[in-house]
Amino acid sequence: MYQDRTLKVFALNSNPDLALAVAEQIGVPLGKSDVSTFSDGEIQINIEESIRGCDIYIVQSTSAPVNKHILELLIMIDALKRASAATINVVMPYYGYARQDRKAKPREPITAKLVADILQVAGASRIITIDLHAPQIQGFFNIPVDQLVGVPILGDYWESKQLKDTVIVSPDHGGVTRARQLAERLKAPIAIIDKRRPRPNVSEVMNIVGDVKGKTAILIDDMIDTAGTISLAADALIKSGAVDVYTCCTHAVLSGPAIERIEQSPIKELVVTDTIKLSEDKTSDKLTVLSVAPLISEAIIRVHEQLPVSVLFD
């Protein structure tokens, strides 16, 4: 049992199971609150215990339905601020709108920056997140941002599998750093999928940079949404001579036809973490889910005790 009673963990509706697991790992009870919705759709939040002078950690991924979960979070922050919390630390394992991080064409919003702005205006003191789609989003905030990484969790799993003659594959040029981190852990070479994306959520594999012939390929990405990129990449790897294809990511968005595509693809296993709660219809025999609760709980304790968080990157 964690002894410091000023540390409190609260859950909202995006991922209550993860919040409970985090609280149990720390050794504190989950904070008492009630989140309800009026008949017209308005959200009401009641905090059912005193939090005066406490350091609060709210666990809420802004996953689908993303707008509802963002508004829940903002209302919760406001409630905590008005109840005299000392600090309000937002634990956002998955940061929604992270793909809208720049103006790719004229008259586009930078919604990732907008989300950062409204979280700060609402009263957030700190953000704790995992594998931002665009690392520069940290710079959108004027409060501390601790970005944790999922590679150590995924790397430990692949090490336990003891696969032979592996090659780590990035599905695009932007993910090379992540692929190299996993490759260094597994002491494996890397390859890169060179692709062209004609429009959002549609990708076309062009060619493979690197040797995959006769090897077991492990594709790694930060998130898998519709699984179009990963499925096409797996097909390309098999056509280029890879023996088996496995894939992994931190954030299992898995929207639209994702599960169907994974089932029909040559992917032998998809390994994800529980930053996003998977609904009952998002199940597959190919799917393995790893918990980020130990990582998040350790980060919360370190932040609360003013210890370095960087050791968790290894």
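Helices H2 (residues 66–82) and H3 (residues 111–122) cross at roughly 25 degrees, and their axes come within 9 Å. That makes H2 roughly parallel to H3, where angles under 35 degrees count as roughly parallel, over 145 as roughly antiparallel, 65 to 115 as roughly perpendicular and the rest as oblique. This is a predicted model, in which local features need pLDDT of at least 70 and side-chain atom pairs count only at pLDDT 80 or more, while totals for chains, interfaces and linings use all residues. Residues are numbered from 1 along each chain as its sequence is written, and side-chain values use heavy atoms, with hydrogens and water left out.

**Overall make-up**

- The chain's secondary structure comes to eight helices and 14 strands; helices (H or I, at least four residues) and strands (E, at least two) are DSSP runs, numbered from the N terminus.
- The chain has a radius of gyration of 20 Å, close to the 20 Å that the globule rule gives for 314 residues, so it is as compact as a globular protein of that length. This radius is taken over C-alpha atoms, and the rule is 2.2 Å times the number of residues to the power 0.38.
- Along the principal axes, the C-alpha atoms of the chain fill a box of roughly 60 × 45 × 35 Å.

**The parallel sheet and the helices across it**

- An open sheet is formed by five strands in the order E1-E4-E5-E6-E7, with parallel pairing; two strands pair if DSSP finds at least two bridges between them.
- The edges are taken by E1 (7–11) and E7 (145–148), each with a single partner strand, so one side of each is left without a neighbour in the sheet.
- From one strand to the next, the twist averages 20 degrees.
- Helix H1 lies across E1 and E4 (55–59), running at about 160 degrees to E1. Axes are lines fitted to C-alpha atoms, for helices over the stretch in contact, and angles run from 0 to 180 degrees between N-to-C directions.
- Helix H2 lies across E1, E4 and E5 (87–92), and runs at about 160 degrees to E5.

**Helix-to-helix packing**

- In the H2 and H3 pair, Ile70, Leu73, Leu74, Ile77 and Lys81 of H2 meet Val115, Ile118, Leu119, Val121 and Ala122 of H3, with contact meaning heavy atoms within 4.5 Å.
- By class, that contact of H2 with H3 has nine nonpolar, no polar and one charged residues. Here Ala, Val, Leu, Ile, Met, Phe, Trp, Tyr, Cys and Pro count as nonpolar, Asp, Glu, Lys and Arg as charged, and the others, Gly among them, as polar.
- H1 (residues 16–26) and H8 (residues 293–304) pack with their axes 8 Å apart, at an angle of about 55 degrees. That makes H1 oblique to H8.
- The H1 and H8 crossing is right-handed; a crossing is left-handed if the near helix is turned anticlockwise from the far one by less than a right angle, and right-handed if clockwise.
- On the H1 side the contact is made by Leu18, Ala21, Val22, Gln25 and Ile26, and on the H8 side by Ala293, Pro294, Ile296, Ser297, Ile300 and Ile301. The residues of this H1 and H8 contact divide into nine nonpolar, two polar and no charged.
- H4 (residues 151–161) and H5 (residues 176–186) cross at roughly 40 degrees, and their axes come within 10 Å. They are therefore oblique to each other, and H4 passes H5 in a right-handed crossing.
- Val151, Pro152, Gly155, Asp156, Trp158 and Glu159 of H4 make the contact with Arg178, Gln181, Leu182, Arg185 and Leu186 of H5. The H4 and H5 contact divides into five nonpolar, two polar and four charged residues.

- E2 (residues 33–37) and E3 (residues 43–47) run antiparallel and are joined by five bridges.
- Threonine 37 has isoleucine 43 of E3 as its bridge partner.
- Five residues lie between the strands of this hairpin, and glycine 41 takes a positive phi near 100 degrees.

**Backbone details to look for**

- Most residues other than glycine have a negative phi, and most peptide bonds are trans.
- Alanine 64 and proline 65 are joined by a cis peptide bond, with omega about -5 degrees; proline 65 has its place in the loop between E4 and H2.
- Lysine 187 is not a glycine, although it has a positive phi of about 55 degrees. You will find lysine 187 in the loop between H5 and strand E9 (190–199).
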